[in-house]
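Subject: Structure for you to look at

Dear colleague,

I am passing on a structure that I would like you to read through alongside my notes. Please open it first, and then follow the points below in order.

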Amino acid sequence: MTGAIHEHVSRYIAMNQRLGYTFATNQKTLLSFARFAADRNETFIRSGTAIEWASASKAASQPHRARKFSVVHAFACWLHVEDARHEVPPRDALGRLSRRRPQPHLLSVDDIQKLLTEALAMEPADTIVPLTWHHLFGLIAVTGLRISEAIALTLEDVTPDGLIIRDTKFRKSRMVALQPTTWEALNRYLAERCKQRTPDRCLFALEDGRYPSCQLARAVFRRLAERVGIRKPGAARGPTPHSLRHSFAIRSLESLGTGADPGRHMLALATYLGHAKVSDTYCHAELGMTERMPTIR
């Protein structure tokens with residue numbers, strides 16, 4: 001096929017999205033590469049061009065460059081099957097890509113309660129902001145939602161049967177049931193949230209009425225974690241909002257009663273967490289804790 005590389009990128013993205021992947025990050029990466037190749041008037045993938053593109057950002061770390069390069073490598077393999085004129089660059093040209101999952105950071109009940117309490121002391125005081133951070137992180141802790149899923153919730157997604165998580169990872173929707181104590185806390189937050197005049201129908205809103213970004217939520221979580229001493233200030237690694245999700249999964253396994261079928265529970269947990277494969281859920285079971293889940297105050 002002799003079309004411009006960006007046309008092949010569009011087809012490749014569409015194929016992956018039809019398979020259920022959001023593909024957002026890879027889409028940006030591939031479009032960046034397509035623009036780079038177009039500037040050189042290339043209509044076929046060239047190994048040298050791919051290496052030059054991935055190496056262009058000197059400020060980026062080697063793992064970051066290797067990850068970018070791996071995306072183009074997979075794309076090149078796909079195109080090469082159609083047309084051998086597309087070159088497949090050496091897989092490890094920018095170093096071996098480590099696929100090890102990062103070490104999980106499990107949070108104790110006391111740690112989570114300290115973090116939620118600290119959130120209530122955030123500025124600006126006497127606004128919905130402290131309540132938003134408190135209940136956002138609290139909801140993740142007791143449901144295992146992804147941070148992006150929690151932020152994307154709208155007022156209409158709160159139903160008598162639970163929370164509707166719409167078109168999230170792998171373009172799937174699911175219903176997340178809530179415990180009575182979680183309902184009580186969520187209803188208290190809703191009472192304050194519905195007093196806000198906002199341009200959006202987001203469930204979790206900031207002072208300007210708009211929902212927080214994932215980037216801001218991660219930064220706020222890090223700040224809170226440092227304040228309560230569960231993350232070292234300035235440390236490159238430590239607990240993140242995803243640690244709340246991971247800790248939820250571990251506690252759900254530890255709460256199994258005598259005689260319960262772990263296999264059936266894992267399958268149910270995979271559905272509840274929105275995992276595409278139950279094997280992803282097993283990855284959450286690397287470490288264990290014995291504390292119960294915290295409640296949102």
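Among contacts in the protein chain between residues at least 6 apart in sequence, 62% join residues at least 24 apart, where contact means heavy atoms within 4.5 Å. This is a predicted model, in which local features need pLDDT of at least 70, side-chain atom pairs count only at pLDDT 80 or more, and totals for chains, interfaces and linings use all residues. Residues are numbered from 1 along each chain as its sequence is written, and side-chain values use heavy atoms, with hydrogens and water left out.

The chain has 12 helices and 3 strands, which are DSSP runs numbered from the N terminus (helices are H or I with at least four residues, strands are E with at least two). Of its 297 residues, 44% count as buried, a word that stands for under 20% relative accessible area, with exposed meaning over 50% and partly exposed in between (1.4 Å probe, protein chains only).

As for confidence, the mean pLDDT of the protein chain is 83, and 79% of its residues reach 70 or more; pLDDT is the predictor's confidence in each residue, from 0 to 100. Over residues 286-297 pLDDT stays under 50, although the model has 48 contacts beyond four places in sequence for this stretch. Where pLDDT is low, the predicted coordinates should not be read in detail.

Two helix pairs come next. Helix α2 (residues 24-38) and helix α3 (residues 47-55) pack at an angle of about 120°, with their axes 10 Å apart, which makes α2 oblique to α3. Axes are lines fitted to C-alpha atoms, for helices over the stretch in contact, and angles run from 0 to 180 degrees between N-to-C directions; those under 35 degrees count as roughly parallel, over 145 as roughly antiparallel, 65 to 115 as roughly perpendicular and the rest as oblique. The contact is made by T29, S32, F33, F36 and A37 of α2 together with T49, A50, E52 and W53 of α3, and these residues divide into 5 nonpolar, 3 polar and 1 charged (Ala, Val, Leu, Ile, Met, Phe, Trp, Tyr, Cys and Pro count as nonpolar, Asp, Glu, Lys and Arg as charged, and the others, Gly among them, as polar).

Helix α6 (residues 128-143) and helix α8 (residues 180-193) pack at an angle of about 155°, with their axes 11 Å apart, so α6 is roughly antiparallel to α8. On the α6 side the contact involves I128, L131, T132, H135, L139 and V142, and on the α8 side T182, A185, Y189, E192 and R193, which divide into 6 nonpolar, 3 polar and 2 charged.

S47 lies in helix α3 and counts as buried because its relative accessibility is 15%; leaving aside residues up to four places away in sequence, S47 touches E87, V88, P89 and P90.

Most residues other than glycine have a negative phi, and most peptide bonds are trans. In the loop between α2 and α3, N41 has a positive phi near 60°, and N41 is exposed, with a relative accessible area of 70%. D126, in the loop between α5 and α6, also has a positive phi, near 60°, and is exposed at 81% relative accessibility. The peptide bond from E123 to P124 is cis, with omega near -5°, and P124 lies in the loop between α5 (109-119) and α6.
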